[in-house]
Amino acid sequence: MCNKVRGVLEMLIDQAIDICCVTETWFRANECARMAEIKEAGFEVINNPRKGRGGGLAFVFNSSKLKPVANKVVGFKSFEVAECVIKTSSNLIRLCVIYRTTQTKSKAKYQETKVTVFMEEFEQYLVDLISKPGYPILCGDFNFHVEKADDLYAKQFMSLCQSKGFIQHVTGPTHYSGSTLDLVFTLEAAVDHVPVNQLKVIEDTGTTSDHYLISFSMPVELCQARKEPAITYKEVREYSKIKIDSFREDLFASPVNFADFESVDHAVLIYMNTMSDLLNKHAPKVTKKFNYNRSPWWDESCQRARAEARKAQRKAKKHPEDTELNQIYNEKCIDKSIVINRRRNMFFDERLSAVKRDAKGTYRVINQLLNREIGKGKLPNEKDDTTIAENFGSFFDKKVKTIYSDIEDKLGSNGTESYQPVGNRSPYEMSSFKEVSIDEVMELAKNLPDKSCPLD
């Protein structure tokens, strides 16, 4: 996911996904820039990176609709696992994402040992999972070819899951090679069962991933208060639905072609009334909602690219057997991601160029890119202004005394007598001093150049 974040986000928006379980994210623990990009699109992430390179799991969810809570899980050697809990009005849903790594170039004996270790560890995990509160849902990339009836490892794995009371819902290939590697499990018992409805495997995800998207719904009522997005309702005309031939016939038969105009104003009045009547007939006003919760860099080119991709998606849905339309939709999705990424990069490039000589402005832009709150956790805890001022003064008083102490230690116990000047002495000496007023100090401070650091 690390190199295709924009494509995945657009896929989640197009498919109206509330929460997505992602494997092989390749995210690091401090993946600030990617997290900021995801948050900017209206999503949040529960990130579970692998120690080292590659792998990693994540839950990407629409923060305006649900608030899952991450649950810490004991690590295993043969597979990665992450859990989150979603609270419903009646119970808990425990969503678990699994990724079993494979090593295709390894020897058969080593591969057999690796699978054996996985079976043992996964059985222990299932036993622990069943004892936890909530309805468990397991999904992820298990890397077993369950589509092959004669695959020994796949049969052992399915037998293990069935023995613990789990049923598998995915049918058909989930990988471009035709393999069924990504699976969804729930408990079969009626008391612990969560209905998995409308499960479908979506091949054309609009990304460059070799795995398909598995989408399903659950009839549950969330108890979290939903955060409604900024929606505005407007009356618009759907000009694209006008039937040109019918509109042309009515236009030819309208008073515009037969009326005797008394003046220019009279002609304009007849024209306006006629066109208004024709539009009300062929493209009546309809009320539509618009979501204006957009990023500041979003412009017409991004909107146009998204509209073209959705238009191609609708055509592909009408003719699912047409491979050419599906290919066009996939290409439009990739083009959309390129356009949106380019526009976002240009926006921040322009902002950085605009604050080129402004250190504070540069820090603000970078902190926005890295999803860091300026000054977070750096403000003093004391509520009393006097206490804050005293602590502030004590800090610098201690700092100055430490500097004096270090200088004395370097000069030796005899003070300046052991100091040996290097090079020629300056011909100038400061011998006359005077006190300065508060106004002079304030004027001096105002004329100093702007300096700052991330802690300001």
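Is W26 buried, partly exposed or exposed? In this predicted model, where residues are numbered from 1 along each chain as its sequence is written, local features need pLDDT of at least 70 and side-chain atom pairs count only at pLDDT 80 or more, while totals for chains, interfaces and linings use all residues. Side-chain values use heavy atoms, with hydrogens and water left out. W26 turns out to be partly exposed, with a relative accessible area of 39%; here buried means under 20% relative accessible area, exposed means over 50%, and partly exposed lies in between (1.4 Å probe, protein chains only).

The chain holds eleven helices and 13 strands, where helices (H or I, at least four residues) and strands (E, at least two) are DSSP runs numbered from the N terminus. Of the 456 residues, 32% are buried. With contact taken as heavy atoms within 4.5 Å, 63% of the contacts between residues at least 6 apart in sequence join residues at least 24 apart. The chain exposes about 30500 Å², 52% of it supplied by carbon and sulfur atoms; accessible areas come from the Shrake-Rupley method with a 1.4 Å probe, and for residues only the protein chains shown count as cover.

W26 sits in the loop between strand 1 (19-23) and helix 2. Most residues other than glycine have a negative phi. W26, although not a glycine, has a positive phi of about 65°. N143 is also not a glycine and has a positive phi of about 55°. This residue lies in the loop between strand 7 (135-141) and helix 4 (152-163), and is buried at 17% relative accessibility.

Helix 2 (residues 32-40) has M35, A36, E37 and I38 as its buried residues. Their cover includes helix 1 (5-14), strand 2 (43-48), strand 3 (57-62), helix 8 (323-354) and helix 9 (359-369). After helix 2 comes G42, with a positive phi near 95°.

The interior can be followed through its nonpolar cores, each a set of buried Ala, Val, Leu, Ile, Met, Phe, Trp, Tyr and Cys residues joined through side-chain atoms within 4.5 Å. The largest has 23 residues, and F122, Y125, L138, F157 and F185 have the most contacts inside it. At least two residues of this core come from each of strand 5 (79-87), strand 6 (92-100), helix 3 (108-131), helix 4 and strand 9 (182-187). Helix 3 gives the largest share, seven residues. Beyond its neighbours within four places in sequence, L138 has contacts that include C96, I98, F166 and L183. A second, separate core of 18 residues includes F61, C84, C139 and V170.

How many disulfides are there? The count is zero, a disulfide being a pair of cysteine sulfur atoms within 2.5 Å. The sulfur of C21 has its closest cysteine sulfur in C139, and at 3.5 Å this is too far for a bond. C21 is partly exposed, with a relative accessible area of 25%.

Q313, in helix 7 (residues 300-318), is buried with a relative accessible area of 9%. Setting aside residues up to four places away in sequence, Q313 touches D14, Q15 and Y329. V268 belongs to helix 6 (residues 264-282) and is partly exposed at 43% relative accessibility.
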